[in-house]
Amino acid sequence: MTPRGPTLPAHRLPPLPGRVALPGQSRGTPGAPDTPGVLSGLKRFNVMPPEDAERALLACLHSPRWAVRVAAHRPYPDLESLLAAADEAAYDLPRADRAEALAAESLPGLPADAYSAAHTALNAAKAAYGSRFGHPFVICLDGLKPDEALDHVLEGIRSRLANDPEEEHLVAAEELRRLARGRLAALLADADR
């Protein structure tokens with residue numbers, strides 16, 4: 001099974017089941033003004049049918065409530081307005097919806113050439129975290145170089161294992177919000193390419 005990719009940097013998201021491109025995508029020149037008949041990613045997102053918008057949003061964060069709320073507030077005047085609305089919807093998710101979104105997340109696998117000790121350490125840390133908090137460990141890796149990701153993940157798990165469950169719930173919710181924000185920005189950027 002291919003990892004869902006949620007913890008990969010947005011520019012490295014693997015194909016996701018159910019992940020959709022925004023309809024009308026073209027391969028125009030990045031940064032070029034819209035040409036007649038070709039809409040930018042945000043403009044296409046603003047006018048697509050609600051069920052298509054929600055499906056695209058579910059690829060960013062697996063929470064139907066979040067997707068419906070973000071899609072329902074369209075049209076957005078600019079990317080920052082959309083990201084602010086996505087952030088607010090993520091902050092307002094009830095605990096059960098956050099748990100559903102967390103359950104759909106997974107960490108990226110290690111490179112095939114990683115030492116077996118690294119695999120062992122990551123698997124043990126993930127198991128300890130899941131046992132303590134009852135959900136998968138999530139962390140946003142946006143902006144990290146690939147060779148920094150493993151150390152960042154292991155350090156994150158080790159430090160967050162010391163959190164009490166309520167504190168960790170808040171940290172995990174913030175990581176989900178950051179993941180959704182990065183994926184949403186990437187989705188619209190991909191649509192503009």
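Predicted model: local features only at pLDDT ≥ 70, side-chain atom pairs only at ≥ 80, totals over all residues.
Let's start with how the angles work: axes are lines fitted to C-alpha atoms, for helices over the stretch in contact, and the angle between two N-to-C directions can run from 0 to 180 degrees.

Who does the touching? On the α2 side, the contact is made by Ala 53, Glu 54, Leu 57 and Leu 58. On the α3 side, you'll find Pro 64, Trp 66, Ala 67, Val 68, Val 70 and Ala 71. Sort the residues in this contact by class and you get 9 nonpolar, no polar and 1 charged.

## Ser 63, in the loop between them

Between α2 and α3 there's a loop, and Ser 63 lies in it. Is Ser 63 buried or exposed? Its relative accessible area is 0%, and since buried means under 20%, Ser 63 counts as buried. If you skip residues up to four places away in sequence, Ser 63 touches Leu 58, Leu 93, Asp 97 and Ala 101. One of these, Leu 58, also belongs to the α2 side of the contact with α3.

## Stepping back to the whole protein

How many helices and strands does the protein have? The count is 8 helices and 0 strands. Walk along the sequence and the pattern reads α-α-α-α-α-α-α-α.

Out of the 193 residues in the protein, 42% are buried. Contacts can also be sorted by how far apart the partners sit in the sequence. Take the contacts with a separation of 6 or more: 69% of them are between residues 24 or more positions apart.

## Helices α4 and α8

Here's another pair of helices to find in the structure. The axes of helix α4 (residues 79–91) and helix α8 (residues 165–191) come within 10 Å and cross at roughly 150°. Angles over 145 degrees count as roughly antiparallel, which is why α4 and α8 are described that way. As α4 passes α8, the crossing is right-handed.

From α4, the contact residues are Leu 79, Glu 80, Leu 82, Leu 83, Ala 84, Ala 86, Asp 87, Ala 90 and Tyr 91. From α8, they are Glu 174, Arg 177, Arg 181, Leu 184, Ala 185 and Leu 188. By class, this contact has 10 nonpolar, no polar and 5 charged residues.

Let's zoom in on one of them. Ala 185 is found in helix α8, and its relative accessible area of 25% makes it partly exposed. Ala 185 and Gly 41 are 144 residues apart along the chain, yet their C-alpha atoms are separated by 9.8 Å.

Time for some rings. How many aromatic pairs are there by the rule used here? The count comes to 2. Tyr 129 and Phe 133 are both buried.

Tyr 129 also pairs with Phe 137, and this pair is edge-to-face: 5.0 Å centre to centre, with 80° between the planes. Tyr 129 has a relative accessible area of 0%, while the value for Phe 137 is 3%, so Phe 137 is buried too.

## Leu 154 in helix α7

One last stop: Leu 154, which has its place in helix α7 (residues 146–160). Leu 154 counts as buried because its relative accessibility is 10%, and the cut-off for buried is under 20%.

What does Leu 154 contact, leaving aside its neighbours within four places in sequence? The partners are Ala 121, Leu 122 and Ala 125. Look at Ala 125 in particular: Leu 154 and Ala 125 are 29 residues apart in sequence, and 7.2 Å apart in space, C-alpha to C-alpha.

Definitions and conventions. Residues numbered from 1 in each chain as written. Heavy atoms only, no water. Helix = DSSP H or I, 4+ residues; strand = E, 2+ residues; numbered from the N terminus. Parallel < 35°, antiparallel > 145°, perpendicular 65-115°, else oblique. Left-handed = near helix turned anticlockwise from the far one by under 90°. Contact = heavy atoms within 4.5 Å. Nonpolar A, V, L, I, M, F, W, Y, C, P; charged D, E, K, R; others polar. Phe/Tyr/Trp six-rings, centres within 6.5 Å; stacked < 30°, edge-to-face > 60°. Buried < 20%, exposed > 50% of the residue type's maximum accessible area, 1.4 Å probe, protein only.
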